[in-house]
Amino acid sequence: MSLENGEFFSIGSVIKIVDCHQDTYKGAVRSFDYATKILSIETPSREVAQLSDIYIFNLDYVANIEILEDKQTPEPLPYINVSKISQKLSEQEQNRLKQKKFIGKNVSPEGQRLMNTISKTINDCRWDGPNIVVLGDVTIKPPYGPRDLYCAEGCKALAHISKIVEKHHEEEAKRGTPSQR
């Protein structure tokens, strides 16, 4: 198929395409890029009534196109709340940066899994070399077992963090993940 004299397809027009394998497709035009000769159509899904299938064609590999219903006035584009999208992207970036601080360098997989578990419930945790420091008071040293917690005398957070570590190791044992005790 060759595009001559600036031919184009209007969004929403219903077309029938026969590809180079002689397979036939019928659907509404969803997008068309003249420069790359890429056309996409939407057809009702054969499997789920409320969904659609999207087919993308390179017109260099299409044997025939027939316009069944030309739609000169395209459907209005949906409203896009740019500020909401921008805010969501900003939140995702902040979350990514926050998660990045929980990744240890040169630490064992067991230690990293424990850090992942702790950081889900306690935001104030960080790496100090191979050690995990939680709430600024409790240090968990390798091999990161329940007996590897250290803190200053009278630390109130020790009991809570100890429960998290014990539960983490129980879950690891259930999954069959090797961990240190």
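This is a predicted model: local features need pLDDT of at least 70, side-chain atom pairs count only at pLDDT 80 or more; totals for chains, interfaces and linings use all residues.
Visitor: In what sense do S6 and strand S7 (residues 131-134) pair, and over how many bridges?

Guide: Two strands count as paired if DSSP finds at least two bridges between them. S6 and S7 pair in the antiparallel sense, over four bridges. Within this pairing, Asp128 stands opposite Asn131 in S7. The hairpin has two residues between the strands, and Gly129 takes a positive phi near 65° there.

Visitor: Which residues have a positive phi although they are not a glycine?

Guide: Most residues other than glycine have a negative phi, and most peptide bonds are trans. Gln22 has a positive phi of about 70°, and Asn106 has one of about 55°. Gln22 sits in the loop between strand S1 (14-19) and S2, and it counts as exposed at 56% relative accessibility. Asn106 belongs to the loop between H1 and helix H2 (109-121); its relative accessible area of 83% makes Asn106 exposed.

Visitor: Where is a peptide bond cis?

Guide: The bond from Pro142 to Pro143 is cis, with omega near 10°. Pro143 lies in the loop between strand S8 (138-140) and strand S9 (149-150).

Visitor: What is the order of the five strands in the open sheet?

Guide: The order is S4-S3-S2-S1-S5, with antiparallel pairing. Strand S4 (52-58) and strand S5 (62-69) stand at the edges, each with a single partner strand, so one side of each has no neighbour in the sheet. Inside the sheet, strand S2 (residues 24-33) pairs with S3 over five antiparallel bridges, and Ala28 stands opposite Glu42 in S3.

Visitor: Is Thr43 buried or exposed, and which residues does it touch?

Guide: Thr43 lies in strand S3 (residues 38-44) and is buried, at 9% relative accessibility. Contact means heavy atoms within 4.5 Å. Not counting residues up to four places away in sequence, Thr43 touches Lys26, Gly27, Ser52, Asp53 and Tyr55.

Visitor: How many salt bridges are there?

Guide: Side chains of opposite charge can pair when their charged atoms come close. The rule asks for a side-chain nitrogen of Lys or Arg within 4 Å of a carboxyl oxygen of Asp or Glu. By this rule the count is seven. One of them joins the side chains of Glu42 and Arg30 (2.4 Å, N to O). Glu42 is in strand S3 and Arg30 in strand S2, so the pair ties together parts 12 residues apart in sequence. Glu42 is partly exposed at 24% relative accessible area, and Arg30 is partly exposed at 30%.

Visitor: Which residue forms a salt bridge with Lys37?

Guide: Asp60 does, with the closest N and O atoms 3.3 Å apart. This pair links distant parts of the chain, 23 residues apart: Asp60 is in the loop between S4 and S5, and Lys37 is in the loop between S2 and S3. Asp60 is partly exposed at 47% relative accessibility, as is Lys37 at 28% relative accessible area.

Visitor: What separates Glu171 and Lys174 in helix H3 (residues 157-175)?

Guide: They are three residues apart in H3, which means about one helical turn between them. Glu171 is partly exposed at 31% relative accessibility, whereas Lys174 is exposed at 67%.

Visitor: Which residues are linked in a network of salt bridges?

Guide: Arg113, Glu172 and Arg175 form that network.

Notes: Residues are numbered from 1 along each chain as its sequence is written. Side-chain values use heavy atoms; hydrogens and water are left out. Buried means under 20% relative accessible area, exposed over 50%, partly exposed in between (1.4 Å probe, protein chains only).
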